[in-house]
Amino acid sequence: MGTVAYVVVSGSVEICKLSAGNLLRLQVLEPGTLFGEMALIDHDLRMATARALSPVELMVITSDDLNRRLQRLEKSDLVLRRLIDVYVQRLRDTAGEVDS
C-alpha cells in the first residue's frame, strides 16, 4: 500500500506494469504530473511501478497531507468528494478487467 504520492518536478518517470511476464510501459510522466495518488485515496495496493528515466526531482505528497485536503473537500463539497471515490474505484475495476 502506498503512503505517499509524487509530483514530477523535473526529469521523466516511466509507469510500468508486469503483464504476462513482460514489463509493459503504460506511460511516461513529465514535469507537473502527479502519480501514486490512487493508493492514497482508497488505501489499496499500488497498481503499477514507477522508475526514473533520467535524473528526477519529485515533490512528495504524504497521506496525512492528502487526507487533510480530502477532509476539507468533504466539508465544502460532499458530492465532489464522493465522485473522487467513484472515479478511483472505476479505474481499479477497469484495470482488474484488463489484467484478467
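Val4 counts as buried because its relative accessibility is 17%; buried means under 20% relative accessible area, exposed over 50%, and partly exposed in between, with a 1.4 Å probe and protein chains only. This is a predicted model, in which local features need pLDDT of at least 70 and side-chain atom pairs count only at pLDDT 80 or more, while totals for chains, interfaces and linings use all residues. Residues are numbered from 1 along each chain as its sequence is written, and side-chain values use heavy atoms, with hydrogens and water left out.

Val4 is part of strand 1. Helices (H or I, at least four residues) and strands (E, at least two) are DSSP runs, numbered from the N terminus. Leaving aside neighbours within four places in sequence, Val4 is in contact (heavy atoms within 4.5 Å) with Gly36, Leu40, Arg46, Val60, Ile61 and Thr62. Val4 and Leu66 are 62 residues apart along the chain, and their C-alpha atoms are separated by 8.9 Å.

Two strands pair if DSSP finds at least two bridges between them. Strand 1 (residues 4-10) and strand 4 are joined by two bridges, and Tyr6 has Phe35 of strand 4 as its bridge partner.

Next comes helix 2 (residues 63-76). Its 14 residues should span 20 Å at 1.5 Å a residue, and the end C-alpha atoms are 20 Å apart, which agrees; the expected span is 1.5 Å times one less than the number of residues. Which residues of helix 2 are buried? They are Ser63, Leu66, Leu70 and Leu73. These residues cover an arc of only 90° around the axis, so they lie on the same side of helix 2; the arc is that of the directions from the helix axis to the C-beta atoms. On the other side of helix 2, Asp64, Arg72, Lys75 and Ser76 are exposed.

The buried side chains also form cores. A nonpolar core is a set of buried Ala, Val, Leu, Ile, Met, Phe, Trp, Tyr and Cys residues joined through side-chain atoms within 4.5 Å. The largest has nine residues: Ala5, Val7, Met38, Leu40, Ile41, Ile61, Leu66, Leu70 and Val88. Strand 1, helix 1 (37-42) and helix 2 each supply at least two residues of this core, and helix 1 gives the most, with three. A second, separate core has five residues, among them Val8, Val13, Leu29 and Phe35.
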